[in-house]
Amino acid sequence: VRLVLLLLSETVCLSVVLLLSVVCLGVSSQPITDSQRLFSIAVNRVTHLHLLAQRLFSDFESSLQTEEQRQLNKVFLQDFCNSDYIISPIDKHETQRSSVLKLLSISYRLVESWEFPSRSLSGGSSLRNQISPRLSELKTGILLLIRANQDEAENYPDSDALQHAPYGNYYQSLGGNESLRQTYELLACFKKDMHKVETYLTVAKCRLSPEANCTL
């Protein structure tokens, strides 16, 4: 009986030690897990926004005549989006070389620039009404990630400075009765910017896994 009790006692002690080890390991890795979780949520949200942007743009294009589509596309290629004033990587190689904090900060400014004009996007109300709240949620998530990565660069602008609109009101003058060209540009630029943010956040998230291949 004593031998059985001794064996049981040792088994219980070993189980407790193993349990404590697992708990300690979990605690020590918690910051990484939290960061990965935040990145996953942010990437999922911007992916959904990009899909919404594509849907709105596609629906608008399908309502146009073939010649109207051709002319609008030609004009848009010669024009620019307001977000072009935000300094961002010019190609995929520069994107991959950019720091996590830089990619997050650019993403923040792009998302922030659409909080107001997103209310004027043309399209079905069921789709359009999803955009503004999702942009606000995404902006909050990116800000949390910026603060978590703030120590990456000592002289990088702090997150409070990012809360101010970085440029003018190019989109803010567009209302519900804008011309076809303005509607086309607004939807095309929104789709373009959400694609940018999706790319930047995906690359930044990949940096959390050093063994991962983050090529675009």
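Predicted model: local features only at pLDDT ≥ 70, side-chain atom pairs only at ≥ 80, totals over all residues.
Residues are numbered from 1 along each chain as its sequence is written, and side-chain values use heavy atoms, without hydrogens and water.

The chain has seven helices and zero strands, in the order α-α-α-α-α-α-α along the sequence. Helices (H or I, at least four residues) and strands (E, at least two) are DSSP runs, numbered from the N terminus. Of the 216 residues in the chain, 37% are buried, where buried means under 20% relative accessible area with a 1.4 Å probe, protein chains only. Among contacts (heavy atoms within 4.5 Å) between residues at least 6 apart in sequence, 79% join residues at least 24 apart.

The structure holds one disulfide, a term for a pair of cysteine sulfur atoms within 2.5 Å. Cys81 and Cys189 form this disulfide, with their sulfur atoms 2.0 Å apart. The link of Cys81 and Cys189 is left-handed, with -90° about the S-S bond, and both cysteines are buried.

A further side-chain feature involves Lys191, whose charged end sits over the ring of Phe57, 4.9 Å from its centre. Such a placement requires NZ of Lys or CZ of Arg within 6 Å of the ring centre and within 35 degrees of the ring normal.

Definitions and conventions: Buried < 20%, exposed > 50% of the residue type's maximum accessible area, 1.4 Å probe, protein only.
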